[in-house]
Amino acid sequence: MRCHLRGVAVAVALTVLVAIFATALAVRPMPPTIKPNPVGWPQDRITVSNLGHASLLMNFMGVRVITDPSLFDRVGLAVDSIFTVGPKRMSPPPLAPADLQDVQLILITHAHMDHLDVPSLKALPKTATVVACDKCSRIIAPLGFSEVRELKWGESTEFSGLKITAMGARHWGKRWPPYGMNYGFDSFVLEKDGHRMLLACDSAYTDLFGALASNPPEVAVFSISAYDPWIWNHANPEQVWSMFQQTGATYLLPIHWGTFRLGKEPMDEPMTRLITAAGSESDRIVLREIGGTWTLPDSARLREARTISGSRR
(Lines give C-alpha, C1' and ligand atoms only; values in the text may rest on other atoms or scores of the structure.)
Protein backbone atom coordinates (compact mmCIF):
# COMPACT_ATOMS: atom_id res chain seq x y z
CA MET A 1 0.00 0.00 0.00
CA ARG A 2 2.80 2.40 0.93
CA CYS A 3 4.60 1.69 -2.36
CA HIS A 4 1.37 2.26 -4.27
CA LEU A 5 0.82 5.63 -2.58
CA ARG A 6 4.40 6.65 -3.27
CA GLY A 7 3.94 5.69 -6.92
CA VAL A 8 0.76 7.76 -7.14
CA ALA A 9 2.49 10.75 -5.53
CA VAL A 10 5.40 10.50 -7.95
CA ALA A 11 3.04 10.24 -10.92
CA VAL A 12 1.08 13.31 -9.80
CA ALA A 13 4.26 15.32 -9.26
CA LEU A 14 5.62 14.33 -12.67
CA THR A 15 2.34 15.25 -14.34
CA VAL A 16 2.39 18.71 -12.78
CA LEU A 17 6.06 19.21 -13.73
CA VAL A 18 5.41 18.17 -17.33
CA ALA A 19 2.50 20.64 -17.54
CA ILE A 20 4.62 23.46 -16.10
CA PHE A 21 7.58 22.69 -18.39
CA ALA A 22 5.32 22.51 -21.45
CA THR A 23 3.88 25.93 -20.62
CA ALA A 24 7.34 27.38 -20.06
CA LEU A 25 8.60 26.01 -23.37
CA ALA A 26 5.73 27.70 -25.20
CA VAL A 27 6.59 31.20 -23.95
CA ARG A 28 9.08 33.37 -25.82
CA PRO A 29 11.40 35.44 -23.61
CA MET A 30 11.02 39.19 -23.63
CA PRO A 31 14.06 41.42 -24.20
CA PRO A 32 15.64 42.89 -21.06
CA THR A 33 14.76 46.49 -20.33
CA ILE A 34 17.37 47.19 -17.63
CA LYS A 35 21.07 46.37 -17.46
CA PRO A 36 22.89 46.98 -14.17
CA ASN A 37 26.19 48.86 -14.07
CA PRO A 38 28.06 47.38 -11.09
CA VAL A 39 31.30 49.16 -12.01
CA GLY A 40 29.98 52.38 -10.51
CA TRP A 41 28.63 50.90 -7.27
CA PRO A 42 30.01 52.39 -4.02
CA GLN A 43 32.39 50.29 -1.94
CA ASP A 44 31.01 51.50 1.41
CA ARG A 45 27.34 50.66 0.89
CA ILE A 46 25.13 47.64 0.21
CA THR A 47 24.02 47.72 -3.42
CA VAL A 48 21.97 44.91 -4.93
CA SER A 49 20.81 44.06 -8.44
CA ASN A 50 18.22 41.43 -9.33
CA LEU A 51 19.59 39.20 -12.11
CA GLY A 52 16.42 37.11 -12.19
CA HIS A 53 15.05 34.20 -10.16
CA ALA A 54 17.20 33.82 -7.01
CA SER A 55 20.32 35.45 -8.47
CA LEU A 56 21.33 38.66 -6.73
CA LEU A 57 24.51 40.52 -7.54
CA MET A 58 25.72 42.53 -4.57
CA ASN A 59 28.43 44.83 -3.46
CA PHE A 60 28.20 44.21 0.27
CA MET A 61 30.41 46.88 1.83
CA GLY A 62 33.18 46.22 -0.69
CA VAL A 63 32.65 42.45 -1.14
CA ARG A 64 31.31 41.41 -4.55
CA VAL A 65 28.77 38.63 -4.05
CA ILE A 66 26.41 36.62 -6.24
CA THR A 67 23.69 34.32 -4.92
CA ASP A 68 22.35 31.12 -6.53
CA PRO A 69 23.52 32.14 -10.02
CA SER A 70 21.34 31.13 -12.98
CA LEU A 71 22.82 32.97 -15.94
CA PHE A 72 21.57 31.11 -19.02
CA ASP A 73 18.35 30.48 -20.93
CA ARG A 74 17.33 27.36 -19.02
CA VAL A 75 17.76 25.61 -15.69
CA GLY A 76 17.42 21.88 -15.17
CA LEU A 77 19.33 18.82 -16.31
CA ALA A 78 22.54 20.07 -17.92
CA VAL A 79 24.28 17.77 -20.39
CA ASP A 80 27.97 18.66 -20.06
CA SER A 81 27.03 22.36 -20.36
CA ILE A 82 26.17 21.76 -24.04
CA PHE A 83 22.43 22.04 -23.50
CA THR A 84 19.99 22.01 -20.60
CA VAL A 85 16.60 20.33 -20.38
CA GLY A 86 14.25 22.33 -18.19
CA PRO A 87 12.23 25.55 -17.85
CA LYS A 88 13.12 28.41 -20.19
CA ARG A 89 13.61 31.95 -18.96
CA MET A 90 10.74 34.35 -19.42
CA SER A 91 13.24 37.24 -19.44
CA PRO A 92 16.92 36.96 -20.40
CA PRO A 93 19.60 37.54 -17.75
CA PRO A 94 20.47 41.23 -17.42
CA LEU A 95 24.20 40.45 -17.31
CA ALA A 96 26.32 37.83 -19.05
CA PRO A 97 29.00 35.76 -17.30
CA ALA A 98 31.62 38.01 -18.93
CA ASP A 99 30.22 40.89 -16.86
CA LEU A 100 30.70 38.94 -13.63
CA GLN A 101 34.36 38.02 -13.65
CA ASP A 102 35.13 40.19 -10.62
CA VAL A 103 32.77 38.22 -8.34
CA GLN A 104 34.58 37.27 -5.15
CA LEU A 105 31.99 35.26 -3.23
CA ILE A 106 29.26 32.86 -4.43
CA LEU A 107 26.47 31.81 -2.06
CA ILE A 108 24.48 28.63 -2.74
CA THR A 109 21.40 28.11 -0.56
CA HIS A 110 20.47 24.60 -1.73
CA ALA A 111 21.05 21.97 -4.41
CA HIS A 112 17.87 22.32 -6.47
CA MET A 113 18.77 22.84 -10.12
CA ASP A 114 17.30 26.34 -10.32
CA HIS A 115 19.62 27.39 -7.47
CA LEU A 116 22.72 25.25 -7.96
CA ASP A 117 23.07 25.59 -11.73
CA VAL A 118 26.27 23.88 -12.84
CA PRO A 119 26.68 25.69 -16.22
CA SER A 120 26.39 29.05 -14.45
CA LEU A 121 28.98 28.08 -11.85
CA LYS A 122 31.33 26.88 -14.58
CA ALA A 123 31.10 30.33 -16.19
CA LEU A 124 32.08 32.26 -13.05
CA PRO A 125 35.68 33.00 -11.98
CA LYS A 126 37.33 30.07 -10.22
CA THR A 127 39.17 32.49 -7.96
CA ALA A 128 35.86 33.09 -6.17
CA THR A 129 35.14 31.43 -2.85
CA VAL A 130 31.91 29.42 -2.68
CA VAL A 131 29.89 29.14 0.52
CA ALA A 132 27.22 26.47 0.25
CA CYS A 133 24.99 24.18 2.25
CA ASP A 134 25.91 20.78 3.63
CA LYS A 135 27.17 18.21 1.06
CA CYS A 136 26.95 20.61 -1.90
CA SER A 137 30.73 20.63 -2.27
CA ARG A 138 30.36 17.20 -3.88
CA ILE A 139 28.83 18.98 -6.86
CA ILE A 140 30.75 22.26 -6.71
CA ALA A 141 34.35 21.29 -5.84
CA PRO A 142 34.98 19.36 -9.09
CA LEU A 143 34.24 22.58 -11.04
CA GLY A 144 37.63 23.98 -10.00
CA PHE A 145 36.91 26.75 -7.49
CA SER A 146 39.80 27.74 -5.27
CA GLU A 147 37.77 27.20 -2.11
CA VAL A 148 34.38 25.69 -1.30
CA ARG A 149 33.08 25.98 2.26
CA GLU A 150 30.05 24.13 3.58
CA LEU A 151 27.90 25.43 6.41
CA LYS A 152 25.37 23.61 8.54
CA TRP A 153 22.71 25.50 10.46
CA GLY A 154 24.27 27.61 13.21
CA GLU A 155 27.75 27.55 11.66
CA SER A 156 29.55 30.68 10.46
CA THR A 157 32.45 31.61 8.22
CA GLU A 158 34.09 34.89 7.23
CA PHE A 159 35.30 36.28 3.93
CA SER A 160 37.03 39.68 3.64
CA GLY A 161 35.30 40.88 6.81
CA LEU A 162 31.87 39.60 5.70
CA LYS A 163 30.45 37.13 8.20
CA ILE A 164 28.10 34.47 6.80
CA THR A 165 25.97 32.47 9.24
CA ALA A 166 23.73 29.60 8.17
CA MET A 167 20.25 29.21 9.60
CA GLY A 168 17.25 27.06 8.76
CA ALA A 169 14.18 27.20 6.55
CA ARG A 170 11.24 24.94 5.83
CA HIS A 171 12.32 23.37 2.58
CA TRP A 172 14.13 20.25 1.32
CA GLY A 173 17.39 19.40 -0.44
CA LYS A 174 17.09 16.46 -2.83
CA ARG A 175 18.48 17.26 -6.27
CA TRP A 176 16.68 14.34 -7.92
CA PRO A 177 13.28 14.14 -6.21
CA PRO A 178 11.78 11.99 -4.90
CA TYR A 179 14.92 9.83 -4.71
CA GLY A 180 18.62 10.50 -4.25
CA MET A 181 20.82 12.21 -1.70
CA ASN A 182 19.49 14.68 0.82
CA TYR A 183 21.68 17.76 0.45
CA GLY A 184 21.45 20.53 3.00
CA PHE A 185 19.56 23.78 2.58
CA ASP A 186 20.58 27.05 4.19
CA SER A 187 19.35 30.54 4.75
CA PHE A 188 22.25 32.95 5.28
CA VAL A 189 22.66 35.97 7.54
CA LEU A 190 25.27 38.34 6.13
CA GLU A 191 27.02 40.86 8.42
CA LYS A 192 29.73 43.47 7.89
CA ASP A 193 30.51 46.83 9.47
CA GLY A 194 27.29 46.83 11.49
CA HIS A 195 25.02 45.98 8.54
CA ARG A 196 22.93 42.80 8.39
CA MET A 197 20.96 41.05 5.65
CA LEU A 198 18.89 37.87 5.66
CA LEU A 199 19.09 35.77 2.52
CA ALA A 200 16.30 33.27 3.14
CA CYS A 201 16.33 29.91 1.44
CA ASP A 202 13.17 28.91 -0.43
CA SER A 203 10.78 28.12 2.38
CA ALA A 204 7.23 27.25 3.29
CA TYR A 205 5.74 29.33 6.06
CA THR A 206 7.71 29.05 9.30
CA ASP A 207 8.35 31.13 12.40
CA LEU A 208 12.11 30.33 12.31
CA PHE A 209 13.01 33.77 11.01
CA GLY A 210 11.40 35.47 13.98
CA ALA A 211 14.55 34.60 15.94
CA LEU A 212 16.29 37.48 14.13
CA ALA A 213 14.00 40.16 15.58
CA SER A 214 16.18 40.74 18.63
CA ASN A 215 18.92 41.99 16.30
CA PRO A 216 17.01 42.55 13.07
CA PRO A 217 18.58 42.68 9.63
CA GLU A 218 18.12 45.85 7.63
CA VAL A 219 17.09 43.85 4.58
CA ALA A 220 15.35 40.47 4.31
CA VAL A 221 15.38 38.54 1.03
CA PHE A 222 12.52 36.06 0.51
CA SER A 223 11.29 33.87 -2.35
CA ILE A 224 7.70 34.68 -3.31
CA SER A 225 6.54 32.24 -6.03
CA ALA A 226 6.05 28.53 -6.90
CA TYR A 227 3.44 28.18 -4.14
CA ASP A 228 0.86 26.64 -6.51
CA PRO A 229 0.96 23.70 -6.10
CA TRP A 230 4.15 23.58 -3.98
CA ILE A 231 2.75 25.38 -0.90
CA TRP A 232 4.35 22.87 1.47
CA ASN A 233 7.78 24.04 0.25
CA HIS A 234 7.18 27.63 -0.94
CA ALA A 235 5.28 30.23 1.05
CA ASN A 236 2.64 32.30 -0.72
CA PRO A 237 3.06 36.11 -0.83
CA GLU A 238 0.85 36.75 2.20
CA GLN A 239 2.88 34.26 4.24
CA VAL A 240 6.11 35.85 3.00
CA TRP A 241 4.93 39.26 4.21
CA SER A 242 4.19 37.76 7.62
CA MET A 243 7.62 36.09 7.84
CA PHE A 244 9.27 39.35 6.80
CA GLN A 245 7.46 41.23 9.56
CA GLN A 246 8.60 38.65 12.10
CA THR A 247 12.26 39.32 11.23
CA GLY A 248 11.95 42.99 12.22
CA ALA A 249 13.72 44.01 8.99
CA THR A 250 13.06 47.40 7.43
CA TYR A 251 13.11 46.34 3.77
CA LEU A 252 11.83 43.25 1.95
CA LEU A 253 13.64 42.27 -1.24
CA PRO A 254 11.59 39.63 -3.12
CA ILE A 255 13.24 37.03 -5.36
CA HIS A 256 12.20 33.84 -7.19
CA TRP A 257 9.59 35.51 -9.41
CA GLY A 258 9.12 36.54 -13.05
CA THR A 259 11.96 34.44 -14.50
CA PHE A 260 11.13 30.73 -14.69
CA ARG A 261 7.66 29.21 -14.61
CA LEU A 262 7.98 26.75 -11.71
CA GLY A 263 4.38 26.87 -10.51
CA LYS A 264 0.90 27.21 -11.96
CA GLU A 265 0.27 30.74 -10.70
CA PRO A 266 0.41 33.56 -13.31
CA MET A 267 3.87 35.06 -13.60
CA ASP A 268 2.81 38.50 -12.34
CA GLU A 269 0.64 37.22 -9.49
CA PRO A 270 3.31 36.82 -6.74
CA MET A 271 4.44 40.45 -6.84
CA THR A 272 0.88 41.77 -7.13
CA ARG A 273 -0.26 39.75 -4.15
CA LEU A 274 2.79 40.73 -2.10
CA ILE A 275 2.19 44.44 -2.69
CA THR A 276 -1.47 43.98 -1.77
CA ALA A 277 -0.52 42.11 1.41
CA ALA A 278 1.81 44.94 2.42
CA GLY A 279 -0.92 47.54 2.03
CA SER A 280 0.17 50.96 3.28
CA GLU A 281 3.67 49.59 3.97
CA SER A 282 4.31 48.51 0.37
CA ASP A 283 7.09 51.10 0.10
CA ARG A 284 9.18 48.69 2.16
CA ILE A 285 9.22 46.25 -0.79
CA VAL A 286 12.29 47.13 -2.84
CA LEU A 287 13.84 46.03 -6.14
CA ARG A 288 10.67 45.10 -8.01
CA GLU A 289 12.25 44.88 -11.47
CA ILE A 290 14.54 42.24 -12.93
CA GLY A 291 17.75 44.05 -13.78
CA GLY A 292 16.94 46.81 -11.34
CA THR A 293 19.45 48.07 -8.77
CA TRP A 294 18.85 49.27 -5.22
CA THR A 295 21.22 50.71 -2.61
CA LEU A 296 20.50 50.53 1.12
CA PRO A 297 19.85 54.09 2.37
CA ASP A 298 22.50 55.68 4.54
CA SER A 299 22.29 55.31 8.31
CA ALA A 300 20.31 58.48 8.99
CA ARG A 301 17.63 57.65 6.44
CA LEU A 302 17.59 54.02 7.59
CA ARG A 303 17.01 55.03 11.21
CA GLU A 304 14.15 57.24 10.08
CA ALA A 305 12.64 54.42 8.03
CA ARG A 306 12.93 52.02 10.97
CA THR A 307 11.24 54.52 13.29
CA ILE A 308 8.35 54.92 10.86
CA SER A 309 7.99 51.19 10.25
CA GLY A 310 8.20 50.47 13.99
CA SER A 311 5.36 52.91 14.68
CA ARG A 312 3.26 51.11 12.06
CA ARG A 313 3.56 47.69 13.67
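How many cavities of 30 Å³ or more does a search of the whole structure find? The search finds two. In this predicted model, local features need pLDDT of at least 70 and side-chain atom pairs count only at pLDDT 80 or more, while totals for chains, interfaces and linings use all residues. Residues are numbered from 1 along each chain as its sequence is written, and side-chain values use heavy atoms, with hydrogens and water left out.

A cavity here is a set of points, on a 1 Å grid over the protein atoms alone, where a 1.4 Å probe fits but cannot get out; lining residues have an atom within 4 Å of a point. Grid points are joined across faces, edges and corners, and a volume is the space filled by probe spheres set on the points. The largest cavity has a volume of about 70 Å³. Its lining includes Ser-225, Ala-226, Trp-257, Arg-261, Glu-265 and Pro-270. Sorted by class, that lining holds seven nonpolar, three polar and two charged residues (Ala, Val, Leu, Ile, Met, Phe, Trp, Tyr, Cys and Pro count as nonpolar, Asp, Glu, Lys and Arg as charged, and the others, Gly among them, as polar). Among the residues around the second largest cavity are Asp-68, His-115, Cys-201, Asp-202 and Ile-255, and its lining divides into five nonpolar, three polar and two charged residues.

Turning to the rings, the whole structure contains five aromatic pairs (ring centres of Phe, Tyr and Trp, the last by its six-membered ring, within 6.5 Å; planes over 60 degrees apart count as edge-to-face). One of them joins Trp-153 and Phe-185 edge-to-face, at 5.5 Å centre to centre and with 80° between the planes. Trp-153 sits in the loop between β8 (147-151) and β9 (156-159), and Phe-185 in the loop between β10 (162-167) and β11 (187-192), 32 residues apart. Trp-153 counts as partly exposed because its relative accessibility is 46%, whereas Phe-185, at 16%, counts as buried (buried is under 20% relative accessible area, exposed over 50% and partly exposed in between, with a 1.4 Å probe and protein chains only).

Tyr-251 and Trp-294 also pair edge-to-face, 5.2 Å centre to centre with 65° between the planes. Tyr-251 belongs to strand β14 (residues 251-255) and Trp-294 to strand β15 (residues 293-295), so this pair ties together parts 43 residues apart in sequence (strands are DSSP runs of E, at least two residues, numbered from the N terminus). Both Tyr-251 and Trp-294 are buried.

Conventions:
Rings of Phe, Tyr and Trp (its six-membered ring) pair if their centres lie within 6.5 Å; planes under 30 degrees apart count as stacked, over 60 as edge-to-face and the rest as tilted. Helices (H or I, at least four residues) and strands (E, at least two) are DSSP runs, numbered from the N terminus. On a 1 Å grid over the protein atoms alone, a cavity is a set of points where a 1.4 Å probe fits but cannot get out, and a pocket is an open set with protein on both sides within 12 Å along at least five of seven lines; lining residues have an atom within 4 Å of a point.
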